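Dear colleague,

I am handing over the structure that we spoke about, and my notes on it follow below. Please read them with the model open beside you.

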Amino acid sequence: MTHAQCACGALRLTSTAPPQLTALCHCRACQRRTGAPFSANAFYAIGCVDITGPATEFVRVAESGRRVRQYFCPTCGSTLYWKADASPSWIGVAVGAFADPAFPAPTLSVFEQSKHGWVQLDGSMEHFSALPAD
């Protein structure tokens, strides 16, 4: 079982299964969401996640034209998780919210078309300019 939480601990997420996918995303929306040059994301089957505490929803339109619903703590402002219309059976969780240095490493890096030039990644993951083809 893994546990994630916002900075103040009011919003929490628990998963009973390992992530189905871990990925880095360099899209501009993720850069703005995290305040960092990329986001580290874990994706879980929605049925294996339990969420407790208050959350505020922010809806944005992704580059695909579909909506992404981001959920953040109304007290501290930390974005903890999100749901994308494009993948309704998955929930994305910010890897940093687990605060676990042993968390599984990302297996892919997406939207590298917007990657900062000084970000260097090793060759152990797959690299994509945008989203991988289905």
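Is Arg67 buried, partly exposed or exposed? With a relative accessible area of 41%, Arg67 is partly exposed, where buried stands for under 20% relative accessible area, exposed for over 50% and partly exposed for what lies in between, computed with a 1.4 Å probe on protein chains only.

Before the rest, a word on the basis: this is a predicted model, in which local features need pLDDT of at least 70 and side-chain atom pairs count only at pLDDT 80 or more, while totals for chains, interfaces and linings use all residues. Residues are numbered from 1 along each chain as its sequence is written, and side-chain values use heavy atoms, with hydrogens and water left out.

Salt bridges

A search of the whole structure finds 3 salt bridges, each being a side-chain nitrogen of Lys or Arg within 4 Å of a carboxyl oxygen of Asp or Glu. In one of them Arg67 is joined to Asp85, with the closest N and O atoms 3.3 Å apart. Because Arg67 belongs to strand E7 and Asp85 to the loop between strand E8 (79-84) and strand E9 (90-94), this pair ties together parts that are 18 residues apart in sequence; helices (H or I, at least four residues) and strands (E, at least two) are here DSSP runs, numbered from the N terminus.

Asp85, partly exposed at 33% relative accessibility, also meets the side chain of Arg69 in a salt bridge, at 2.9 Å from N to O. That pair again links distant parts of the chain, the loop between E8 and E9 for Asp85 and strand E7 for Arg69, 16 residues apart. Through shared partners, the salt bridges join Glu57, Arg67, Arg69 and Asp85 into one network.

The side chains of Glu57 and Arg69 form a salt bridge with an N to O distance of 3.7 Å, and since Glu57 lies in strand E6 (residues 56-61) and Arg69 in strand E7 (residues 67-72), the pair ties together parts that are 12 residues apart in sequence. Both residues are partly exposed, Glu57 with a relative accessible area of 42% and Arg69 with one of 22%.

Strands and sheet

An open sheet is formed by 8 strands in the order E6-E7-E8-E9-E4-E3-E10-E11, with mixed pairing, two strands being counted as paired if DSSP finds at least two bridges between them. Its edge strands are E6 and strand E11 (126-127), each of which pairs on one side only. Strand E4 (residues 39-45) pairs with E9 in the antiparallel sense over 5 bridges, and Phe43 has Gly92 in E9 as its bridge partner.

Strand E1 (residues 2-5) runs antiparallel to strand E2 (residues 12-15), with 4 bridges joining them, and the bridge partner of Thr2 in E2 is Ser15. E1 and E2 form a hairpin with 6 residues between them, and in the turn Gly9 has a positive phi of about 90°. E2 is also joined to strand E5 (residues 49-52) by 4 bridges, again antiparallel, with Thr52 in E5 as the bridge partner of Arg12.

Cysteines

The structure holds 0 disulfides, a disulfide being a pair of cysteine sulfur atoms within 2.5 Å. The sulfur of Cys27, a residue that counts as buried at 7% relative accessibility, has its closest cysteine sulfur in Cys25 at 3.6 Å, which is too far for a bond. For Cys76, partly exposed at 31% relative accessibility, the closest cysteine sulfur is that of Cys73 at 3.7 Å, also too far for a bond.

With kind regards
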